[in-house]
Amino acid sequence: MRLEIASFESPEEVREFEKGRFELISAAGLTVGRAIYEPGWVWSEHVGEALGKESCDVEHLVLVVSGRCAIAMDDGTEVVVGPGDLCAVPPGHDSWVVGDEPYVSLHILGASVYARGGEKKLGGLGSGGDGKPRS
């Protein structure tokens with residue numbers, strides 16, 4: 001392994017969609033994502049609908065930085081997470097921002113495939129860290 005530094009100040013990729021964005025950086029072969037969602041963001045409406053999915057099929061390991069988010073599993077289990085919570089979320093869930101504060105989290109697992117391929121469908125702009133559209 002060699003010393004590597006990556007920064008969300010200049011993400012390698014940005015996946016934008018209504019009321020949110022997902023920034024990606026990587027080091028040592030691990031891709032980490034930073035989710036930034038505005039109040040009113042709902043996965044099933046702002047991501048899932050464009051991908052033709054009713055629930056998220058990505059497994060996540062998430063550390064909440066700020067704000068609050070509800071997670072509803074397909075089996076009916078529902079929780080609200082907040083700053084400092086580390087959450088292991090299996091596939092088969094919906095989620096939404098709770099309250100009037102933006103929600104920010106770090107995705108340690110699942111980042112590389114989250115919302116992938118739907119940037120144009122999502123009405124957003126997939127870009128590299130330079131802000132220019134990807135082809």
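Ring pairs join Phe17, Tyr37, Trp41 and Tyr103 into a cluster. Rings of Phe, Tyr and Trp (its six-membered ring) pair if their centres lie within 6.5 Å; planes under 30 degrees apart are stacked, over 60 edge-to-face, and the rest tilted. Please keep in mind that this is a predicted model, where local features need pLDDT of at least 70, side-chain atom pairs count only at pLDDT 80 or more, and totals for chains, interfaces and linings use all residues. Residues are numbered from 1 along each chain as its sequence is written, and side-chain values use heavy atoms, with hydrogens and water left out.

The structure holds 4 aromatic pairs. One of them is Phe17 with Tyr37, tilted, at 6.1 Å centre to centre and 40° between the planes. This pair links distant parts of the chain, 20 residues apart: Phe17 sits in strand 1 (residues 13–17) and Tyr37 in strand 3. Strands here are DSSP runs of E, at least two residues, numbered from the N terminus.

Tyr37 and Trp41 form a stacked pair, 3.7 Å centre to centre with 5° between the planes.

Now for the strands. Strand 3 (residues 30–37) pairs with strand 9 (residues 103–109) in the antiparallel sense over 5 bridges; pairing takes at least two bridges found by DSSP. Within it, Ile36 has Val104 of strand 9 as its bridge partner. Strand 4 (residues 60–66) also pairs with strand 9, antiparallel, over 5 bridges.

Definitions and conventions
Helices (H or I, at least four residues) and strands (E, at least two) are DSSP runs, numbered from the N terminus.
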